[in-house]
Amino acid sequence: MKWKRPSFLAVKTAQLLCVVYILVLTFSFAPLGLRDPATKNIIDVGSPQNTEDGVILVNGDYRPVVARGTYELVCLGMSRMSAFSLYPVMVLAYLTKCKATLNCLEKTPLSMFKQMDDHKLHVYCGRFIAVDVWIHTLFHLLRWAHQGNLELLWTSRAGLSGLIAVVATPLISFFMMSCKTYISYEIRKGLHYLFFLFVTALCFHVPPSGIPNGGFIAYVLGASIVLYALDSLYVLFFMTERVDPTFRVMPSGVQMTMRVSPRFRRCGEKGGFGYVCLPWLETGAKQWHAFSLFQDPSDPSIRSVFMLNVGDWTDAVQTELERNDTSRPVWIQGPFVSPYTIARNFDNLILTSTGIGITPALSVIEAHKKSRTIFVIWATRDSSLIEFFLENYHYLDHENGFVFIHYTGDAPLDPALLEGLASNVKVLYSRPNLEAVIPNIIHASESSGMKSQQQFEACSKCQVISNLLERSKEFDTEIYPYSDETKLQDLTAMSREAGYDLSELSDHFRDAAIACPFAAAAGAKEGSRARVAPQLPSTECAISSENAPVVFKRIRHYANAWGPTLHATRSIKKMDHRSISRWGMMYCGGASEVKGTLKKISKEFGIDLHHESFAW
């Protein structure tokens, strides 16, 4: 397992430096710090009464930071550590939502130091703030209670402003982190805007007269909220436009296609995401919702979004359009940088998608199809989605790489769409085995290039043959035994359902085993075993009770060569960092199992993984 850089290392380093700074200034002796050299406590040396009241006079303002004895000093240290560790994350919590600013930063060398998944960073900051403010408050209360000055919570400037902030915090953060199933997005977003109250309270938390020993918060948070407000106004007036869309209603959702302005095209890099508002909806008319954008390869002025019917707002959209076809205008805001923008940093891309998560992958294909090797692994149970993209294949068309579409639904696909598919597209009727497919793709591409049609055909057949193997293993655990002829008929039906003839698969075994990444081509032992094994009966050879045992046995033999290979795994683990850094994995979708598997693969092989989601 290769070493991976910890998440948000730069942010955590900045937090640590802030903590060290305040600890030095708090516990150093006066005049640098707050401690009295004589008593080694933090007291008001000029007023014993102030000390008893829990406050000291600093540059004309009273500060409730008295600490006498080890217990109170530790409590004060914990409070100030937690307070100053908040500075970087509070700034970034706002900066990550300054969408116009982030677009500008993306076009400068500063983008080299920027966290690509801004929402992921925003979530980290939000979670840290949600916990840390309570730690900060707790240790202040413990210290004040020990002194008998608990009334400082509502009588002091720091106590009252902190009380307002700590009450607002769970309303801002908790419902965004949980209860998504029970509370609508609109309510959670409305509560999230209490951050204005949170910031206003904290701007008055510590007087600026405390600088350099605290007192920065009014300037830091004040500047952050001003930047956020200016950025939001810029987006509203200069990055929002009214468009005349066309809609296509499908069983699973709505596709909206629109012609955008030259300004929009210049900003978009053929993708990104945007916020959509449909002002003529009966419900949710003033709501803005985020969707991935993808460009029509044949017309750069055309952008599309797909609104999957998964919530109240998208359901209202679909219901309205099913009832009344419309050409009324809508508002589109954007485009904004998405996590998939990082695709440019890799030479080889593995784009895994579930459901409507295919849309950001389309943007990557359009932007990099001539300069990158792109492998698409798309799993969906929605037949209408597959049929739409097969009807409009130009969205998926790219020269370097392959597209594996794994259909897991029940409704049959239109056979006409499956005929004459491009040579690098294959529809498979199964779930993708990512732990086998991804290592073998990388191994094959690094060892032999994986460019030929033969190699692609081998890869597409891999999953089918792997499924045949799994089914043959199930025969051994059935309650009653099957005859070999019955087993063979079962496997024949499976292969035909997947679009192959069993004999067609067998005819390909000998040649494909040499090139196919799923057959561990580079392994002499495995390759030689596959080459010397005899062929299955030809297409003309009928299945009979005489040849069934032999055929079934050979299926078991060959299928072992098409599953996960230890050789591919070992080969990738031996790759140097420079080679592995050329590969990037990206995922868009809501399948937690798929995301977990990709994280496991990323951790095992040290391959970068980036995730895009608007499940806010």
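What share of the contacts in the protein with a separation of 6 or more comes from residues 24 or more positions apart? The share is 72%. The model described here is predicted. Its 616 residues form 25 helices and 16 strands.

**Whole protein**

- Of the 616 residues, 53% count as buried.

**Helix 3 with helix 6**

- Helix 3 covers residues 69-84, and helix 6 covers residues 118-147.
- The axes of helix 3 and helix 6 come within 8 Å and cross at roughly 155 degrees.
- Angles over 145 degrees count as roughly antiparallel, and helix 3 and helix 6 are therefore roughly antiparallel to each other.
- The crossing of this pair, helix 3 and helix 6, is left-handed.
- On the helix 3 side, the contact is made by Tyr71, Glu72, Cys75, Leu76, Met78, Ser79, Ser82 and Ala83.
- On the helix 6 side, the residues are Asp132, Ile135, His136, Phe139, His140, Leu142, Arg143, His146 and Gln147.
- By class, this contact of helix 3 with helix 6 has eight nonpolar, six polar and three charged residues.

**Helix 6 with helix 8**

- Helix 8 covers residues 157-177, and its axis comes within 9 Å of the axis of helix 6.
- The two axes, of helix 6 and helix 8, cross at roughly 150 degrees.
- This angle is also judged against the cut-off of 145 degrees, and helix 6 and helix 8 are therefore roughly antiparallel to each other.
- The crossing of helix 6 and helix 8 is left-handed.
- Helix 6 contributes Arg127, Ile129, Ala130, Val133, Trp134, Thr137 and Trp144 to the contact.
- Helix 8 contributes Gly159, Val166, Thr169, Pro170, Ser173 and Met177.
- The residues in the contact of helix 6 with helix 8 divide into eight nonpolar, four polar and one charged.

**Cis peptide bonds**

- Most peptide bonds are trans.
- Ala30 and Pro31 are joined by a cis peptide bond, with omega at about 15 degrees.
- Pro31 lies in the loop between helix 1 (9-27) and helix 2 (48-52).
- Ile211 and Pro212 are also joined by a cis peptide bond, with omega at about 10 degrees.
- The loop that holds Pro212 is between helix 10 (195-203) and helix 11 (217-238).

**Positive phi**

- Most residues other than glycine have a negative phi.
- Lys40 has a positive phi, near 60 degrees.
- Lys40 is found in the loop between helix 1 and helix 2, and Pro31 is also in the loop between these helices.
- Relative accessibility is 47% for Lys40, so Lys40 counts as partly exposed; a residue must be over 50% to count as exposed.
- Asn59 has a positive phi too, near 50 degrees.
- Asn59 lies in the loop between strand 1 (56-58) and strand 2 (61-63).
- Relative accessibility is 58% for Asn59, so Asn59 counts as exposed.

Methods
Residues are numbered from 1 along each chain as its sequence is written. This is a predicted model: local features need pLDDT of at least 70, side-chain atom pairs count only at pLDDT 80 or more; totals for chains, interfaces and linings use all residues. Side-chain values use heavy atoms; hydrogens and water are left out. Axes are lines fitted to C-alpha atoms, for helices over the stretch in contact, and angles run from 0 to 180 degrees between N-to-C directions. Helices (H or I, at least four residues) and strands (E, at least two) are DSSP runs, numbered from the N terminus. Angles under 35 degrees count as roughly parallel, over 145 as roughly antiparallel, 65 to 115 as roughly perpendicular and the rest as oblique. A crossing is left-handed if the near helix is turned anticlockwise from the far one by less than a right angle, and right-handed if clockwise. Contact means heavy atoms within 4.5 Å. Ala, Val, Leu, Ile, Met, Phe, Trp, Tyr, Cys and Pro count as nonpolar, Asp, Glu, Lys and Arg as charged, and the others, Gly among them, as polar. Buried means under 20% relative accessible area, exposed over 50%, partly exposed in between (1.4 Å probe, protein chains only).
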